[in-house]
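Here is my note on the model you asked about. Please read it with the structure open beside you.

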Amino acid sequence: MSDTPPPTRVLVCDDQALVRTGYVTIFSAQRDMEVVGEAENGREAVQAARRLRPDVVVMDIRMPLLDGIQATRQLAGPDAEDAPKVLVVTTFNVDAYVYDALRAGASGFLLKPPAELVNGIRTVARGEALLAPAVTRHLIGHFAQHLRPADTSRTARQDVVRALTPRELEVLQLIAEGLSNAEIAASMFITPETVKTYVSRILAKLGLRDRVQAVVLAYRVGLVPGTP
C-alpha cells in the first residue's frame with residue numbers, strides 16, 4: 001500500500017479560455033495535483049465546485065454572470081458547508097479586491113501572472129493562509145476601520161480574551177502577524193504539532209473556519225500590536 005497522499009483536486013475558474021488552458025497545463029504537470037474541471041464564469045464556478053468537490057478553487061475576480069467575489073462567498077462564506085479552499089487570482093492590484101476576497105472566504109490572493117501559483121495551491125490546500133506578514137499588516141490594517149466598529153470593539157475583544165487561554169491568545173496574535181506554524185513554534189519554543197493543536201482550538205472556540213478568518217478577527221478587535 002502506498003503512503004503517497006491523494007493529489008490535490010483543483011478547479012480552474014477564469015473567463016479567458018487561454019488563461020484556463022495555461023493553468024490546466026501547468027497544474028496537470030504536477031504529480032500532486034489533478035485538474036477536475038474548468039469554469040468560465042462565476043455561476044459555472046459555483047455549480048462545478050458543488051458537483052466536483054475540488055480541494056482548491058482557483059478563482060478569477062472579474063467574470064460574467066457572477067463575479068469571483070460573489071462566487072467565493074457562495075462557496076466559502078460563513079454559511080457554506082464543506083467549503084473548498086479558494087485561491088483568488090486577478091490582474092487587478094486593488095486593496096479593496098483583496099479585502100473583499102478575504103471577507104468572502106478566500107484562503108489566498110495572488111496577482112496575474114502568478115509565478116507562485118503552484119506553490120500557492122499547495123499552501124492553501126494545507127490550510128494555511130497565503131498572505132505574507134507585510135501584506136497581512138497592510139491590507140487588514142488598512143481596512144481596520146471597516147472591520148472594527150468603534151462601539152463594539154472593546155466588548156468583542158473582551159469576548160475573545162475570555163474565550164482563549166493566554167497561550168492561545170498569543171498564538172492568535174502571531175497568526176495575525178502572518179507567521180507560519182513553524183515560525184510560531186520557533187517564537188514560542190514549542191513544536192509545530194503543538195502549534196497546530198493551538199490553532200485548531202482557537203478556530204473551534206471562536207467559531208472560525210480558517211486562519212484568514214482568525215487574522216480578520218484579531219485585527220477587528222485590536223489584538224495585533226500597532227492597531228488602534
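Helices and strands here are DSSP runs, numbered from the N terminus. Keep in mind that this is a predicted model.

1. **The sheet.** Start with the strands. Five of them form an open sheet in the order β2-β1-β3-β4-β5, and the pairing is parallel. β2 and β5 (108-111) are the edge strands, each pairing on one side only. On average, neighbouring strands are turned by 25° against each other, direction ignored.

2. **Strand β1.** One of the bridge partners to find is M33 in β2, which partners T8. From β1 the chain passes through helix α1 (residues 17-28) to β2, a β-α-β crossover that is right-handed.

3. **β1 against β3.** These two strands also pair in the parallel sense, over four bridges. Look for L11 opposite V57 in β3. Then look for C13 opposite M59 in β3.

4. **Helix α2.** This helix covers residues 42-52, and G42, A45, V46, A48 and A49 in it are buried. In general, an α-helix has 3.6 residues a turn, so residues three or four places apart point the same way. What covers the buried residues of α2? The cover includes β1 (8-13), β2 (33-39), β3 (56-60) and α3 (68-76).

5. N41 caps the N-terminal end: one of its side-chain oxygens lies 3.0 Å from the backbone nitrogen of R43. After α2 comes R53, with a positive phi near 55°.

6. **Residue D60.** Where is D60? It is in strand β3. The unreviewed UniProt entry annotates D60 as "modified residue: 4-aspartylphosphate". Why is D60 classed as buried? Its relative accessible area is 5%, and buried means under 20%. Leaving aside neighbours within four places in sequence, D60 is in contact with C13, D14, D15, G68, V89, T90 and K112.

7. **Helices across the sheet.** α3 lies across β3 and β4 (85-90), and runs at about 160° to β3. Helix α5 (residues 117-125) lies across β1, β2, β3, β4 and β5. Its direction is at about 155° to β4.

Notes
Residues numbered from 1 in each chain as written. Predicted model: local features only at pLDDT ≥ 70, side-chain atom pairs only at ≥ 80, totals over all residues. Heavy atoms only, no water. Buried < 20%, exposed > 50% of the residue type's maximum accessible area, 1.4 Å probe, protein only. Contact = heavy atoms within 4.5 Å. Polar contact = N/O pair within 3.5 Å; in protein donor to acceptor, adjacent residues only side chain to side chain. Pairing = 2+ DSSP bridges. Right-handed = clockwise from strand over helix to strand, strands pointing away. UniProt positions renumbered as here; feature names shortened; annotations may be inferred. Axes fitted to C-alpha atoms, helices over the stretch in contact; angles between N-to-C directions.
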